[in-house]
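Colleague: Hi! Could you walk me through this one in plain words?

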Amino acid sequence: MASLNEPWMVESGLKGSSKEAGRYCRTAHNMSSSSLRKKSEIRLVSKVPCRLLRQFLANLQEVILGTKLSILFPVIPLAIVAECHGLGRPWVFALSLLGLIPLAERVSFLTEQIAYYTGPTVGGLLNATCGNATELIIAIFALSQRKIDVVKYSLLGSILSNILLVLGTSLICGGLANLRKEQKYDRKQADVNCLMLLLGLLCQILPLLFQFAGPSKAVTANPTLQLSRASSIVMLIAYGVYIYFQLFTHRQMFEAEEDSDEGEESSEEAAVIGFWSGFVWLVGMTLVIALLSEYVVDTIEVASDTWGLSVSFLSIILLPIVGNASEHAGAIIFAFKNKLDITLGVALGSATQIGMFVVPLCVIVAWIMDIKMDLNLNLIETGSLALAIIVTGFTLQDGTSHYMKGLVLLLCYIVIAACFFVLKTPLKQSSPNRLGLQVPTAAGLAF
């Protein structure tokens with residue numbers, strides 16, 4: 001097999017060093033994503049005489065066919081054709097959502113491939129910034145169209161989905177599959193993530209309280225925006241310290257433990273594509289994600305009207321489920337194997353990344369774009385987030401698990417989903433004033 005891997009190993013100029021670098025990059029997120037991958041048969045490709053063509057076909061086979069979600073790749077050109085030929089907008093929305101599922105998993109795969117060559121530090125930073133690239137790209141496109149509600153709804157939904165739906169479903173599956181085994185996990189990582197989520201919750205609650213502390217919304221609007229921007233800077237600093245804590249001082253708390261039999265297999269793993277090939281593929285995948293994200297943002301309101309579902313329900317419930325489908329499946333698979341440390345690392349780690357990195361980053365980006373986005377959620381959204389974090393914290397306090405805990409988390413998510421299904425809050429529209437600036441109209445509640 002070494003001879004077959006040689007073309008793309010030589011491409012990077014780092015043949016032989018990837019094993020040492022990759023061994024320290026097996027975080028819970030990496031292992032969860034790898035559970036959906038499959039080995040590609042490259043014997044036929046190796047018989048191609050042209051070296052460049054052989055390398056391209058090998059990379060194409062590893063990137064496109066090296067996942068169990070490859071069956072969804074044909075949906076991507078269908079979404080593009082539907083958009084270009086003016087087919088039904090709801091179909092464009094649905095096809096774009098389905099197309100984002102394999103792309104999100106492939107971005108994780110390519111990030112890990114690059115990490116084999118860059119080492120544990122840069123690899124960890126890539127994982128910390130690209131782990132939720134889909135949500136970030138969707139949020140940026142929604143901001144560019146001044147759909148602030150969609151940004152807040154989708155990011156809130158990502159946090160709720162991870163700590164209630166993903167974790168709840170995983171604990172149920174793990175509990176039922178291991179009824180006769182004691183399920184334990186290390187509380188240290190969970191405690192750190194819960195503390196970070198509570199800090200993010202505090203930064204989102206305080207702007208909401210300005211509505212009740214001030215004499216009028218006109219008076220409290222500017223202080224709320226200023227507080228949100230200051231809090232976002234604090235959150236980004238806290239996340240930076242969290243990354244340093246995770247990669248350097250307490251790295252052993254976040255590294256996924258492996259069984260002895262799987263450890264032998266993982267120790268023999270090496271990069272299957274070269275560094276520059278992985279970088280080019282990563283850029284290409286990101287551009288396709290950006291294109292489909294633009295389709296999603298453009299068609300979400302039309303899909304909402306056609307299907308009779310509110311934009312808040314589509315953004316909070318549907319978007320996060322589709323965007324994180326690969327991570328969700330991986331977390332459940334490892335719960336079946338009674339590896340709850342990996343499951344918790346995926347669910348809580350992703351929620352922490354959204355709450356402490358993506359959310360404040362969107363506020364800062366909106367600030368740069370001269371868009372008045374703050375951290376002030378509606379009362380129901382903030383209350384749902386607060387109760388979800390509290391329930392999750394109580395669930396994980398004793399270091400053991402069973403299916404009843406997962407059932408409670410899942411039922412909490414179902415109740416919240418039913419709430420937003422019934423509650424049809426209109427989107428806050430924006431209209432230009434005399435100076436050409438965008439100001440909110442009275443179409444919806446203050447958000």
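Modeller: Happy to! Helices here are DSSP runs of H or I with at least four residues, strands are runs of E with at least two, and the numbering starts at the N terminus. This is a predicted model, so local features need pLDDT of at least 70 and side-chain atom pairs count only at pLDDT 80 or more, while totals for chains, interfaces and linings use all residues. Residues are numbered from 1 along each chain as its sequence is written, and side-chain values use heavy atoms, with hydrogens and water left out.

Colleague: Thanks! Where does Asp 370 lie?

Modeller: Asp 370 is in the loop between α16 and α17 (379-395). Its phi is near 60°, which is positive even though the residue is not a glycine.

Colleague: Which loop is Arg 146 in?

Modeller: Arg 146 sits in the loop between α8 (133-144) and α9 (148-177). Phi of Arg 146 is near 60° too, again a positive value in a residue other than glycine. Arg 146 counts as partly exposed because its relative accessibility is 30%.

Colleague: New topic: at what angle do α5 and α6 pack?

Modeller: Helix α5 (residues 75-84) and helix α6 (residues 89-118) pack at about 150°, and their axes are 8 Å apart. So α5 is roughly antiparallel to α6. The axes are lines fitted to C-alpha atoms, for helices over the stretch in contact, and angles run from 0 to 180 degrees between N-to-C directions. Under 35 degrees is roughly parallel, over 145 roughly antiparallel, 65 to 115 roughly perpendicular, and the rest oblique.

Colleague: Which residues in α5 and α6 meet?

Modeller: On the α5 side they include Val 75, Leu 78 and Ala 82, and on the α6 side Val 92, Leu 95 and Leu 103 are among them. Contact means heavy atoms within 4.5 Å.

Colleague: How do α6 and α14 pack?

Modeller: Their angle is about 40°, with the axes 8 Å apart. From α6, Phe 93, Leu 97, Leu 98, Ile 101 and Ala 104 meet Leu 318, Leu 319, Val 322 and Gly 323 of α14.

Colleague: How many residues of α14 are buried?

Modeller: Eleven of the 13 residues in helix α14 (residues 311-323) are buried, so the helix is mostly covered. Phe 313, Ile 316 and Pro 320 are among those buried residues.

Colleague: You mentioned Ala 104. What is Ala 104 in contact with?

Modeller: Setting aside neighbours within four places in sequence, Ala 104 is in contact with Thr 134, Ile 289, Gly 323 and Ser 326. Ala 104 and Ser 326 are 222 residues apart in sequence, yet 7.3 Å apart in space, C-alpha to C-alpha. Ala 104 counts as buried because its relative accessibility is 14%.

Colleague: Last one: is Ser 161 buried or exposed?

Modeller: Buried, with a relative accessible area of 0%. Ser 161 lies in helix α9. Not counting residues up to four places away in sequence, Ser 161 touches Val 166, Pro 320, Ile 321, His 328 and Tyr 413.

Definitions and conventions
Buried means under 20% relative accessible area, exposed over 50%, partly exposed in between (1.4 Å probe, protein chains only).
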